[in-house]
Amino acid sequence: MRRWGWACVLGLMLAGCKEDKAPEAPDAGPVETGPAALTEQEPNDRPDQALDLTRNSTVSAELTAQPNKADEDWYRLAPGAPRIADVTVSGLPGGDITLEVYDRDRNRLVGINSEGEGKPERFPNLFVENERFLRVVPTRKGVGGAYTLEVRMRAPEDGEEREPNDRAVDAVSLPLGQTVTAFLGHSGDEDWYRIELPDPALPSPPEGTGPGGTAEDPATAPFGDSPARGTAPTEGGAGGPGAPQGQDDALGGGLAGTRGTNGAGAQDGQGPSGARQDLGGNGFEAEEGAAPRGPEGDGASGLMAQEGMQGGMNGFGRDEAPPSPAVEGTFAGSEPPPVGSQAVGEAIARALDAGTAVAAPSEPDVPPEPPEPPSVALKIELTGVDGVRPELSVLSAAEAPLFTLRGKEGETLSLRNIGVRAMDRVVYVVVKTSWVGTGKEARRTFNTTMPYTLTVSQEEAGASAELEPNDELHKATTLTAGGYREGFLAPRGDVDHFVLKTSEPVLAKVELTGVERLDLVLSMVEPPEGDSGKETVLLRANDGAIKEPERLNNVACEGACYFRVEGASRKVDGKWVKDFENAEQPYRITVTTVPDNGGEEREPNNTADRAQDLTLGQPMRGTVYPVKDTDFFRLDLSDRPVRTPIRATLLGILKVDVGLYLHRVQPDGKLSLVQTADRAKGDQPERIRYSAEPGVYLFEVRDARNRESNFQDAYQLTVEESE
């Protein structure tokens with residue numbers, strides 16, 4: 001009995017312990033330890049007979065060699081959730097195989113046949129949201145053999161493309177500033193990205209405002225521009241409303257110099273208004289034609305010029321009378337109407353200021369040229385892929401090409417200031433592989449294992465940015481008098497063109513800042529004449545070396561003048577190349593202008609046929625810049641009945657030993673040297689006395705040793721009739 005009692009007690013204790021245990025988890029089914037090993041089941045030569053693949057799978061299959069038609073095998077990808085599928089089909093022994101992708105409605109999306117006979121085909125990143133069909137088929141009849149189909153699926157990640165995306169309708173949406181990761185996974189791969197641009201939102205000017213409107217509230221700027229970029233804040237200042245950056249008054253002084261008693265409204269947060277920041281000690285006296293500072297450097301001179309006071313100084317450092325009344329239809333030295341976006345507003349003001357040919361009062365029926373459309377500058381960064389030569393294009397919403405560039409194999413592209421129209425709400429960036437080789441050897445490269453990254457963002461320079469492509473004259477970026485543009489020489493071999501448009505004769509001073517690692521060349525270029533003509537370089541400045549600035553002085557411009565910025569040639573391994581590049585630091589090209597009053601030289605005047613006319617008794621000023629600069633001046637005495645005694649005086653300048661040379665123009669057009677004055681005495685004057693027979697004479701001014709220049713100091717040539 002006692003034994004039975006203890007047995008009952010132990011049984012009850014064990015029963016109580018069982019009740020305290022946690023309930024067992026339900027059976028989750030078999031655990032996936034690897035891809036499913038499947039075997040093709042014939043017939044499967046139609047979509048409704050396709051073998052279902054719902055997870056990672058490896059399929060052993062065979063294509064039957066048939067003389068009359070090509071065998072085909074269909075597979076259906078049907079994961080339970082959206083997946084990225086990496087699909088690989090092995091090659092056929094002695095045959096070429098094709099992999100095709102169809103949507104759920106049997107519409108062909110893409111076909112892959114990038115490799116040759118016996119080699120596999122791969123689609124590394126096929127996006128499967130609901131279902132996709134795969135078709136495996138040999139490229140020609142009578143070919144067959146065993147193959148293996150491998151499918152690996154994973155969850156899609158943020159920031160990666162979703163194939164197929166080779167059309168605008170399938171383009172991947174890429175917000176500005178974000179990065180996408182993608183593959184150029186087969187020879188015909190094209191990746192389309194949809195870029196939505198910020199809305200410029202052009203409201204009408206508020207009631208009660210002047211012609212300049214008011215500065216835009218920085219909190220509502222659609223492009224995120226700070227109030228310092230493009231407009232000058234007016235709080236606490238005595239000046240008028242903010243003006244677009246780069247738009248100066250009629251004296252060449254910056255409007256920013258009039259904003260506020262103590263220079264409130266400084267641009268870009270770089271010091272007081274009216275005293276724009278110096279360009280890093282590169283020798284520029286003032287940036288962008290800023291008005292000269294007063295004795296205390298507080299912008300007083302700019303205020304005086306803006307208020308119409310006498311004694312103003314222009315951008316060339318010479319006295320100038322107050323500005324004349326503005327022609328009707330211009331902004332009269334004031335601001336254009338405000339716009340909702342500072343970047344677009346600046347572009348509109350810049351286009352109207354520089355590109356509009358205003359009809360003179362005597363020509364009321366001449367219609368003005370339409371202003372150039374405002375633009376937005378984009379920065380595009382594309383990382384390189386081993387073995388792949390990329391081709392990148394920017395297209396409008398109508399798929400019209402705006403920019404195209406073919407890179408080198410494996411090259412990373414950093415493209416700056418790619419210009420698109422601000423009126424376009426959508427643009428497309430297309431990345432694809434480019435052709436390499438020629439003839440039968442030509443092919444389009446790809447890489448199924450190494451992805452690239454693409455980032456598209458908006459340039460910070462806004463309306464002051466150069467606009468690519470501008471590597472041809474007819475695509476030149478517009479410059480404005482008193483304004484500037486910021487540009488990049490990238491990629492290697494990049495050439496940038498700019499155009500200055502004027503409605504009256506002016507003399508322009510063009511300044512180009514230096515850039516780390518770059519030896520820049522600044523040229524004035526004349527467009528070709530006729531269909532087969534070539535461009536003519538009229539002036540060329542390359543006095544500086546790497547990192548040093550370049551300038552052109554006293555450039556005569558009426559209508560349109562073109563300028564070119566490029567890298568200098570250098571010898572590498574016995575070959576002359578232009579391989580300078582810097583996609584990180586921009587250069588700045590600045591233009592200041594003054595009216596052409598006849599007292600300054602007009603460049604280019606470096607040849608006899610471009611000689612500038614002289615008037616007896618009227619001084620002529622000019623500079624010897626760049627090195628080896630030569631200036632010709634023409635004196636016509638052909639209507640004199642007898643000899644004319646003349647006295648020519650050339651006032652010297654610092655650094656340059658100026659020489660004065662008198663030539664007579666012969667009946668055949670050739671020059672004969674009749675007298676010289678080149679004692680090379682530094683800044684001491686040179687003089688010529690000569691009894692000139694009736695005829696045409698040329699005075700030549702240059703450095704007597706052809707080795708120095710001076711962009712800052714001007715010589716003065718005066719030719720008088722002596723007793």
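The following legends describe close-up views of a predicted model.

In this predicted model, local features need pLDDT of at least 70 and side-chain atom pairs count only at pLDDT 80 or more, whereas totals for chains, interfaces and linings use all residues. Residues are numbered from 1 along each chain as its sequence is written, and side-chain values use heavy atoms, with hydrogens and water left out.

**Figure 1. Confidence along the protein chain.** The pLDDT, which is the predictor's confidence in each residue from 0 to 100, averages 78 over the protein chain, and 71% of the residues score at least 70. Helices (H or I, at least four residues) and strands (E, at least two) are DSSP runs numbered from the N terminus. The pLDDT is below 50 over residues 202-345, a stretch with 260 contacts (heavy atoms within 4.5 Å) beyond near neighbours in sequence. Over residues 347-364 the pLDDT is also below 50, and this stretch has 42 contacts beyond near neighbours in sequence.

**Figure 2. The largest nonpolar core.** A nonpolar core is a set of buried Ala, Val, Leu, Ile, Met, Phe, Trp, Tyr and Cys residues joined through side-chain atoms within 4.5 Å; buried means under 20% relative accessible area, exposed over 50%, and partly exposed in between (1.4 Å probe, protein chains only). The largest such core has 29 residues, of which Tyr 193, Ile 380, Leu 392, Val 394, Tyr 452 and Leu 454 touch the most other members. Elements giving two or more residues to this core include strand S13 (190-196), strand S14 (375-382), strand S15 (390-395) and strand S21 (452-458). Not counting residues up to four places away in sequence, Leu 454 touches several residues, among them Leu 174, Tyr 193, Ile 380, Leu 392, Val 429 and Val 431. In soluble globular proteins, nonpolar side chains tend to be buried together.

**Figure 3. The loop between strands S17 and S18.** Ala 422 lies in the loop between strand S17 (413-421) and strand S18 (426-433). With a relative accessible area of 3%, Ala 422 is buried. Asp 424 forms a salt bridge (a side-chain nitrogen of Lys or Arg within 4 Å of a carboxyl oxygen of Asp or Glu) with Arg 421, the closest N and O atoms being 2.9 Å apart. Asp 424 is buried at 11% relative accessible area, whereas Arg 421 is partly exposed at 33%.

**Figure 4. Further salt bridges.** The whole structure holds 36 salt bridges. One of them pairs the side chains of Arg 140 and Glu 117, at 3.4 Å from N to O. This pair links distant parts of the chain, 23 residues apart: Arg 140 in the loop between strand S9 (132-138) and strand S10 (145-154), and Glu 117 in the loop between strand S7 (108-112) and strand S8 (121-128). Arg 140 is partly exposed, with a relative accessible area of 40%, and Glu 117 is partly exposed at 49%. The side chains of Arg 167 and Asp 170 meet in another salt bridge, at 3.1 Å from N to O.

**Figure 5. The disulfide of Cys 557 and Cys 561.** The structure holds 1 disulfide (a pair of cysteine sulfur atoms within 2.5 Å). Cys 557 is joined to Cys 561, with an S to S distance of 2.3 Å. The link is right-handed, with 130° about the S-S bond, and both cysteines are buried.
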